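Reader: I've just opened this model and I'm a bit lost. Could you walk me through how to read it?

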Amino acid sequence: MPILQVENLQKSFGTTTVLEDISFTMEKGEVLSMIGSSGSGKTTLLRCLNFLEKPNGGRILMGDEVLFDAADARTLREKEIRKKRLHFGLVFQNFNLFPQYTALQNVMLAKDLLAKEQADYKANKKFIRAQIEEQSRALLTQMGLQDKMSNYPHQLSGGQCQRVAIARALNLQPDILCFDEPTSALDPELTGEVLKVIRELADKNTTMIIVTHEMSFARDVASKVIFMDSGRICETGTPQEVFETPRQERTRQFLASYNK
Amino acid sequence: MPLFNQIVEQMPIVFRSLNEGFGQTLRLFFVTLAGALPLGLVISFGSMSRFKPLKWLTRMFVGIIRGTPLMIQLLIFFYFPGLVLKNNIWGSGESGRFLAASIAFIINYACYFSEIYRGGIQGIPVGQEEAGLVLGMTPGQIFFRVKLMQMIKRIVPPISNEIITLVKDTSLARIISLQEIIWAGQAFMKGSQGISGAIWPLFFTGVYYLVWNGVLSWLLGKLEKKLDYFR
């Protein structure tokens, strides 16, 4: 059974249709690369999955749980949306780290706040917090940031910031981790260190959706590629299929522009 | 030097009076801050409300308060109940004047603060809120744990300006005869406690303001520095 099913998702801002009839599925452990020119709707799609935008039509299913159904108002309640969001993690293009917190605090904050909602939090406060801190430190170490735990975001490079952001998202153990052009704000050198971390996650079978303009990376890391054009899924398939034997003229055009 | 000797002789009387007046000045200053800093936040939420009538009503109110002199507001606040409603809710005496002045000052300064808060909140990149949402935080958590500190950092310099202005604005309460330091200094010009025609006490009132503003500037500067740990 697929972990994620997106069915006929539709989104428009006013009279502009941004997403039309988007349907795809994902299996656990799969890495999905989403490519396409700017304005093709990739980012909006990620934002819909994370409930930062409300689609106008369609359904989103996680396993057999209906997360979103445009035709069912019960799935749109604010309180439940908060919980549903936690199925997904999102790493932003410009990191959006909290500037007043250290790297470690950035990673711990949300986890800590969620733990406070547990019934046994008060009784086991010390233990739970120690556990969260240990886990957060382990994640930052995994990101190669063991020396930067108590640095504030402005003291970190863009690549380091993005790795903190990845650790922050991972700490909530989302079912699917989404990346919205994670390296677009970085120079080539910093891009490399972030891509390396994402690649390591892929090797550990982390389920991920990656919106990116790094074509060779999209191709290497993905098990499935979606090419979007004007709010629609234009072509989908394995990296070989989409990059080597694209069926659509539009896909060929788009890829050709990268090979110049 | 008879004049000098006279001044030295008058000093104990004058400074006792000025100290008392300055006490009232400080009380008005602190009460205004204690009331206006939180009330300003409430007003700023009103002016950012998604409920349009509330938003426009709040902004109109802020516009009127900011667009008219505090002195008029003080006069109207103090005299309107007694003269028009025939019911002087403030009562007579210094405590009534202080209450009326406090409320007028709190409302006036809350309106100025609300605009500063609004700028501070709206200047925070939308990505901060989105990052919080995606991490499963509630709107309350996002405000208190993510935005508030960033807002405070942004508003400290403009709020500091207002605080310095407030120190000097407290003297406007003189218009409803609140016995603050200018009132106390002026009394020796007209004649009080056997001293009359003396203008030198008024110069010293200026020194009180200067010293107090110096202390505040130093403290606020320290606060600003303290918030320099993040950007």
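Author: Angles under 35 degrees count as roughly parallel, over 145 as roughly antiparallel, 65 to 115 as roughly perpendicular and the rest as oblique. Helices (H or I, at least four residues) and strands (E, at least two) are DSSP runs, numbered from the N terminus. Before we go on: this is a predicted model, where local features need pLDDT of at least 70, side-chain atom pairs count only at pLDDT 80 or more, and totals for chains, interfaces and linings use all residues. Residues are numbered from 1 along each chain as its sequence is written, while chains are lettered from A and ligands numbered from 1 in the order in which they are written.

Reader: At what angle do α3(A) and α5(A) cross?

Author: Axes are lines fitted to C-alpha atoms, for helices over the stretch in contact, and angles run from 0 to 180 degrees between N-to-C directions. Here the axes of α3(A) and α5(A), the latter spanning residues 158-170, cross at roughly 25° and come within 8 Å. That makes α3(A) and α5(A) roughly parallel, therefore. The crossing is right-handed; a crossing gets that name if the near helix is turned clockwise from the far one by less than a right angle, and left-handed if anticlockwise.

Reader: Which residues make the contact between α3(A) and α5(A)?

Author: Two residues are in contact if their C-beta atoms, placed from the backbone, lie within 7 Å. From α3(A) come A:A103, A:N106 and A:V107, and from α5(A) come A:V164, A:A167 and A:R168. By class they are 4 nonpolar, 1 polar and 1 charged. For these classes, Ala, Val, Leu, Ile, Met, Phe, Trp, Tyr, Cys and Pro count as nonpolar, Asp, Glu, Lys and Arg as charged, and the others, Gly among them, as polar.

Reader: What is the crossing of α1(B) and α4(B) like?

Author: Helix α1(B) covers residues 2-47 and α4(B) covers 94-122; their axes come within 6 Å and cross at roughly 45°. So α1(B) and α4(B) are oblique to each other.

Reader: Now the strands. In what order do they sit in the open sheet of chain A?

Author: Two strands pair if DSSP finds at least two bridges between them. The open sheet has 4 strands in the order β2-β1-β4-β5, with antiparallel pairing. β2(A) and β5(A) are at the edges with a single partner strand each, so one side of each has no neighbour in the sheet. β1(A) is joined to β2(A) by 7 bridges, with A:S12 partnering A:T17. Helix α1(A), residues 42-49, lies across β1, β2 and β4 of chain A, at about 65° to β2(A).

Reader: How many residues lie between β9(A) and β10(A) in their hairpin?

Author: There are 2, and A:S230 in the turn has a positive phi of about 45°. The two strands pair in the antiparallel sense over 5 bridges, and A:D229 stands opposite A:R232.

Reader: How many residues does chain A give to the contact with chain B?

Author: Chain A gives 19 residues and chain B gives 18. On the chain A side, α3(A) has the largest share, 4 residues, and the classes are 12 nonpolar, 5 polar and 2 charged.
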